[in-house]
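Then read on for a quick tour, from the whole fold down to single residues.

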Amino acid sequence: MNDLVQLTKENGIAVITINNPPVNALSPGVPQGISEALDQIAQDASSKAVVLIGGGRTFIAGADIKEFGKMTSGKPRGEGLLPFLLKIEDSKKPVIVAIHGTAFGGGLEVAMACHYRVAVSSAQVGQPEVKLGIIPGAAGTQRLPRLAGVAKAVEMCTTGNPVKAADALQFGIVDRIIEGDLLPGAIAFAREAATKPAPKTRERNDKLGNATENAPIFSAARETVAKKQRGLLAPVAAIKAIEAATILPFTEGCQVEQKLFTECLFSDQSKALIHVFFSEREVGKIPDVPKETPLLPVKSAAVVGAGTMGGGIAMVLANAGIPVLLKDADQLALDRGLATIQSNYANSAKRGRFTPQEAEERFKRITPTLSYDDFSKADLVIEAVFEGMALKKEVFKELDRVCKPGSILASNTSTLDIDEIASATSRPTYIIGTHFFSPANVMRLLEIVRGKATSREVIATCMQLSKTLGKIGVLVGNCRGFVGNRMFGPYRREAQFLVEEGASVVAIDKALSDFGMALGPLATGDLAGLDVGWRIRKEYRHLEKPGIRQPFVEDNLCELGRFGQKTGAGWYQYDEQRRAMPDPVVDDLIRKWVTVAGIPQREISAAEIVDRCLYALVNEGARILEEGYALRASDIDIIYLNGYGFPAYRGGPMWYADTVGLKQVYARISEFHRQHGEIWQPAPLLARLAEQGKTFAQLGKEEGAAV
Ligand code: T1G
């Protein structure tokens, strides 16, 4: 044995316990430890059966994802876990796996190689590999259909979604739910099993169905994947591997799975998704805000402004169990805001996201008010009023007066200066930005904007609060537009320039959605409302550098009242269901305006459209990193995946640039610089990394940043 795996015995039942915190991953040493324990048990006549259990908070959560880099760096992968799982399955003494927490990936594959599986009701099982761009690589696609049937196996391996213990029992993955303590329950089950034959999962073929029954399952699955997981390799591979299980003997089926697993593992998509997995966990690590920073209480909250954002934020707080005051200056606006919240809850209950009772409970946690009277009780106040500095400062001045000392005052501003807002109060250390993304009760991203004076406790509290709210909180610096919107400006600027240079509205959006963006840049403007950017541009017109080309078509559309979906027309026409249709009126207007402006028109390739828009993102992201407004390139990636519909299987804009190669990205940006002037000045950091042959990902490891 080793210190990762312990062997004990309880009245003739051997107990193998895995201790590899935090999630008992199958790191090197764990399979070996279990294997050695099985050898000892085989020699011990007094052991009649075996219980395999995880120490700490969970059973095995999967292979050690940190090890994948070694597998793809050319080191031979060897036979992997297959021989180890066959050894468990061929054990003469029945092996019972006892599951708590999660049996995910390799953890479920180990469990399925055991003869019986028991679990506590709170346990979950799953094959989430597809979320890492791979498929189960240890016969999961071969054993799961044998236990749960083909349809369930296809669903679990293509979505990667977890399955609760009760459902796993129903599907045939788990044999018994243990009430009370898991280990004694599992030992009692093992005592019963010791007198029975030890069924080998690989020999159980009764649930594999036949070609006639399976054909519609596989074709339906392929259709679903093509629609819902557009462009992803792993779900398609998972279906192929399970199909092999239904037509080939187990060993040959495993060979097909291994081939498909390796193809996925070496794909750019998997490398990107593994980058995302670790990056999502990295965002919470802030160099000068240590883990043990004390947190402030957030047991009650208040939101100022009952508009779209304020209402959504109030829902997010109520959904997290936090009672929240929702204030507006105007009864009509308050009533409208509450009505929107009520209909959102009704729709969610109708869609089964939660029960009508839960919806009612959440709604009741929101208390409308026209005054600041009860704000003195709030631990946290989030301002979500009109995006104008004067009004915000007025609100914060009032909040400073009515709120208790020690309460956090946050602004949901999407671009305005947090320090200037803080200057309207006597408590700048308690002022912070909490930039939600619309719709706030849906979008996962939350930019936490650090002001110069914001205290570590307030930052740590808001980072923890983002988890409580089910958001992914990313700490950003207080530059104009923070990180996401600051980068989105050049991205949408290029899209508008491309329209003005001759590319069609449809071609531009198609090029970016073919790349994988959830929505093209112009359609995104229609969704958010073109007037939002138009108002900010007007407010900052005086800051624009003279002689620098500015896009004008979108402003012209706004002058015509074409704000996008909210007015039924913007870059596109919209029907009652808000379905977008190309609008020949817009095409004619554009042609007229660009002719008057004397802009030469030309054919523009999809490749140029993608490069101009995406490299504008990357160039601005490099500036943000260099100026210290983002801690890591991977934080920028997480912002774009969770707030702007960037495809996760591309890893994010900075990871995508690393994948292309910064030398090539720099060369292309330098070309745009020559063609389009100063706005394409390459970011010095990008030039430096390209020169040194380095990547943005490496940067995060070497230099901390100033956020
Ligand atoms: N490998 C390595 N580290 C892991 C890990 C894993 N599988 N899972 C979690 N961690 C780290 C994580 O990075 C974090 O580290 C800490 O554990 C706590 O994680 C052979 C090939 C299990 C639901 O995809 O879904 O098996 O930041 O913050 O919120 O065919 O972790 O503290 O330094 O997420 O309580 C398949 C991935 C792998 C499961 C727990 N398995 N993990 O959530 O904690 S591929 C997975 C999770 C595979 C087989 C194939 C979650 C969790 P740090 P956490 P959590």
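Here is a short briefing on the chain, starting with its overall build.

This is a predicted model, in which local features need pLDDT of at least 70, side-chain atom pairs count only at pLDDT 80 or more, and totals for chains, interfaces and linings use all residues. Residues are numbered from 1 along each chain as its sequence is written, and side-chain values use heavy atoms, with hydrogens and water left out.

**The whole chain**

- The chain has 30 helices and 19 strands; these are DSSP runs numbered from the N terminus, with helices being H or I over at least four residues and strands being E over at least two.
- A compact globule of 707 residues would have a radius of gyration near 27 Å, and the chain agrees with that at 28 Å. The radius is taken over C-alpha atoms, and the globule rule is 2.2 Å times the number of residues to the power 0.38.
- Along the principal axes, the C-alpha atoms fill a box of roughly 90 × 60 × 50 Å.
- Of the 707 residues, 56% are buried. Buried means under 20% relative accessible area, exposed means over 50%, and partly exposed is in between (1.4 Å probe, protein chains only).
- Take the contacts (heavy atoms within 4.5 Å) between residues at least 6 apart in sequence: 74% of them join residues at least 24 apart.

**Domains**

- The domain bounds come from an automatic or database domain assignment.
- Domain 1 covers 5–196 + 204–266, domain 2 covers 301–476, and domain 3 covers 484–554 + 585–704.
- The centres of domain 1 and domain 3, taken over C-alpha atoms, are separated by 44 Å.

**Two covered helices**

- Helix α5 (residues 140–148) has nine of its nine residues buried, including R143 and R146. Just after α5 comes G149, with a positive phi of about 90°.
- In helix α27 (residues 653–660), six of the eight residues are buried, among them W655 and Y656. G661 follows α27, and its phi is positive too, near 110°.

**Buried or exposed?**

- Is T308 buried or exposed? T308 counts as exposed because its relative accessibility is 66%. T308 sits in helix α13 (residues 308–319), and its C-alpha atom is 51 Å from that of G209, 99 residues apart along the chain.
- D379 is in the loop between β12 (366–369) and β13 (380–383). With 9% relative accessibility, D379 counts as buried. Leaving out residues up to four places away in sequence, D379 touches P297, V298, K299, S300, K404, S407 and I408.

- The peptide bond from P21 to P22 is cis, with omega near 10°. P22 lies in the loop between β2 (13–18) and α1 (30–43).
- Another cis bond runs from S438 to P439, with omega near -10°. You'll find P439 in the loop between β15 (431–436) and β16 (445–449).
- N11 isn't a glycine, yet its phi is positive, about 50°. N11 lies in the loop between β1 (5–10) and β2, and it counts as exposed at 69% relative accessibility.
- A139 isn't a glycine either, and has a positive phi of about 70°. A139 is in the loop between β7 (124–126) and α5, and its 1% relative accessibility makes it count as buried.
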